Amino acid sequence: MSAQKRVAAIHDISGLGKCSLTVALPIISAAGIETAIMPTAVLSTHTGGFTGYTCRDLTSDLAAFTDHWKSLGVRFDAIYSGYLGSPEQIDIVKRFISTFRDERCTVVVDPAMADEGEMYALFDMDFAKAMTSLCAEADIILPNMTEAAFLLGREYKEKPYTREYIEELLKALSNLGPSKTVLTGVSFERGVIGASVYDRDMDEFFYAPSNRIPGYYPGAGDIFASAFVASYLSDRTLYESARIAADFVSKSVARTQKAKTDPRFGVNFEAGLCDLALELRRTTVKK
């Protein structure tokens, strides 16, 4: 049996509401991959629709995390960062990457900072510039359409899109540094949404469409990114990883909508974890 792979997941953690580490840990673990977590903040709930939440910033602890893990001599097959609360945290993650990256480590950055044409609370274009510098360190980035525009300093455009526009956007994002880009929230027609993928080394584009379900579902982007990381480290191709992740999110959102639960409390991805694990444990060789 081959050695178990290990991912360093650098995100905040919310006690209630499924996003960030409470999504990354179970999804990646379900694929049989060890998930070492580095929490950047602890919140009582996430910030998408809740008020009165508590938040403890852990910026001052992150350097000590890095130094302690380095002293243990551990290595990672992937470093996966998500929501970061400040440019200072971005700089700490860049240091973490320089400390632990080797030829077998894939760096995945989800530049979680905006959606639906707007920055998240407390962020501005200066933060977007700092996030651009982190994306330059990545092998793979996973922006949504709003984040892509802000990373490039462009005006956000509403859907539907043309393939020409999406492919030009993907190439521009790749020029920031990452060799592989997965763009989410891409829609060419009503009722269909999904991911578009660009591999600069192969100079190829791929598309992973899924059914669009109306509504706003906090944490869906984290579910996609975590399922993508789990799939990619399970030796799926870039395209297959995006397809599996898009399908997993679509089924999870549909399950949540059918149950008519309050979407603020998160998407029901848990009921699909067994199916995801079975799919990822089937033998596949990357091409």
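A: Let's start with Ser 226, which touches Val 23, Ala 24, Ile 27, Ile 28 and Tyr 80, leaving out residues up to four places away in sequence; here, contact means heavy atoms within 4.5 Å. This is a predicted model, in which local features need pLDDT of at least 70 and side-chain atom pairs count only at pLDDT 80 or more, whereas totals for chains, interfaces and linings use all residues. Residues are numbered from 1 along each chain as its sequence is written, and side-chain values use heavy atoms, with hydrogens and water left out.

Ser 226 sits in helix α7, residues 220–232. Helices (H or I, at least four residues) and strands (E, at least two) are DSSP runs numbered from the N terminus. With a relative accessible area of 0%, Ser 226 counts as buried; the cut-offs are under 20% for buried, over 50% for exposed and in between for partly exposed, using a 1.4 Å probe and protein chains only. The side chain of Ser 226 also makes a polar contact of 3.0 Å with the side chain of Tyr 80. A polar contact is a pair of N or O atoms within 3.5 Å; within protein, one must be able to donate a hydrogen and the other to accept it, and residues adjacent in sequence count only if both atoms are side-chain atoms.

Now step back to the helices. The axes of α1 (residues 21–30) and α7 come within 9 Å and cross at roughly 30°. Axes are lines fitted to C-alpha atoms, for helices over the stretch in contact, with angles from 0 to 180 degrees between N-to-C directions. The two helices, α1 and α7, are therefore roughly parallel, since angles under 35 degrees count as roughly parallel, over 145 as roughly antiparallel, 65 to 115 as roughly perpendicular and the rest as oblique.

By class, the contact of α1 with α7 has 8 nonpolar, 1 polar and 1 charged residues. In this scheme Ala, Val, Leu, Ile, Met, Phe, Trp, Tyr, Cys and Pro are nonpolar, Asp, Glu, Lys and Arg are charged, and the others, Gly among them, are polar.

Just after α1, Gly 32 takes a positive phi of about 85°.

The axes of α8 (residues 238–259) and α9 (residues 273–280) come within 11 Å and cross at roughly 165°. That angle makes α8 roughly antiparallel to α9, and α8 passes α9 in a right-handed crossing. Arg 243, Ile 244 and Phe 248 of α8 meet Leu 273, Leu 276, Glu 279 and Leu 280 of α9. The residues of the α8 and α9 contact divide into 5 nonpolar, no polar and 2 charged.

Helix α8 also holds another serine, Ser 241. Ser 241 is buried, with a relative accessible area of 0%. The side chain of Ser 241 reaches the backbone oxygen of Thr 237 at 2.8 Å. Setting aside neighbours within four places in sequence, Ser 241 is in contact with Phe 228, Ser 231, Tyr 232 and Arg 236.

To finish, here are some backbone details in the loops. Most residues other than glycine have a negative phi, and most peptide bonds are trans. Glu 116, in the loop between β6 (114–115) and β7 (118–119), has a positive phi near 50°. Asp 203 has a positive phi of about 50° although it is not a glycine, and Asp 203 lies in the loop between β10 (192–199) and β11 (204–211). The peptide bond from Lys 159 to Pro 160 is cis, with omega near 5°, and Pro 160 belongs to the loop between α5 (145–151) and α6 (163–174).

Notes:
Left-handed = near helix turned anticlockwise from the far one by under 90°.
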